[in-house]
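I'm going through the strands one at a time and jotting down what I look up.

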Amino acid sequence: MNTHNITTIIIILLSLFTIQIHAQDGYTYTLIDNSSYSFTIGAVPNTSANNFATSMQSYGFTIIVPDGVTISMTSSLGNAASATFFDGTAVGQPSIDGYLITETLGSPVSLVAPSTGTTSNVVTIQVNGSPTSGIIYILENNAALATTVTPLKSFMQADMIDNGMAEFVNVVDPNTAAVSGMSSFDFSTLSVKKNELSSLAVYPNPVKDIIHITNTNVNLVKAELHNLNGQLVLSKENNLTAINVNSLTSGIYMLKIYSEKTQKTIKILKQ
């Protein structure tokens, strides 16, 4: 085999490798139960070795709720997300209602590099009332409704390539489900699950050094601390009655406590 052919093969292999690396880059959406009928929609990076911080320009997804159930927006990345309501009857599904949530950011927001595997909080919503039946879920991109009404599909316009140029493209696959982790919750069991952590107590708050957690009814399996950008700053899976936060800088954090069936989120002020 001559040198020219060897060089050609190497170039082809490198090209295929580059395509595979880029194919790993992208995002899905997940639904996080904050308790008390509050939910956060998070952006989850696909498994990737990409160390370049994602720059997000705009995003959108659809939240489906039972017919008659309403939601309110409580926070979003740029504090300007809009929720466009549609009646399920208008799309041939009278048992549901939906909200198309979108936001174009005044200036692009930087998310942590995909290689960290960090879920970034995008929008937090509050379900009004206390529904006891039906399901809340993120509409999957390959669902019949999204295929029929394509503007309801999830998307994220972002730059994920470190090439010195701002190239914003859709990094959410429009042809797959585009969801990961938990993407739905059943209201008929949600209230039961929440009761599992009803006796949980966290103190002191504000805290300087040690967060104490007491819960006599449920086996806790993990505790996580996230900053307000959604970045995971601390994770612990044993000895969960005491969490040392002395090394963290002062500020507000979200403490997520997990049992085997559910989770609870508590705002913590670190002094």
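How many residues of strand β1 (residues 27–35) are buried? I count nine of its nine as buried, with buried meaning under 20% relative accessible area, exposed over 50% and partly exposed in between (1.4 Å probe, protein chains only). Strands here are DSSP runs of E with at least two residues, helices are runs of H or I with at least four, and both are numbered from the N terminus.

Before going on, I note that this is a predicted model, where local features need pLDDT of at least 70, side-chain atom pairs count only at pLDDT 80 or more, and totals for chains, interfaces and linings use all residues. Residues are numbered from 1 along each chain as its sequence is written, and side-chain values use heavy atoms, with hydrogens and water left out.

**β1, both faces.** I checked which way the side chains go. Y27, Y29, L31, D33 and S35 point one way, T28, T30, I32 and N34 point the other, and all are buried.

**β1 to β2.** Next I looked up the partner strand. β2 (residues 38–45) runs antiparallel to β1, with eight bridges joining them; two strands count as paired if DSSP finds at least two bridges between them. I picked T30 and found G42 as its bridge partner in β2. The two strands form a hairpin with two residues between them, and S36 in the turn has a positive phi of about 55 degrees.

**On to β7.** Which strand do six bridges join to β2? It is β7, and the pair runs antiparallel. F39 stands opposite I125 there. For cover, I get six buried residues out of eight in β7 (residues 120–127).

**A three-stranded sheet.** Further along I found an open antiparallel sheet in the order β12-β13-β16. Its edge strands, β12 (201–203) and β16 (242–244), each pair on one side only. Three bridges join β12 to β13 (residues 210–214), and V202 has I213 as its bridge partner.

**Whole chain.** I finished with the totals. The protein chain has three helices and 18 strands, and 42% of its 271 residues are buried. Among contacts (heavy atoms within 4.5 Å) between residues at least 6 apart in sequence, 67% join residues at least 24 apart.
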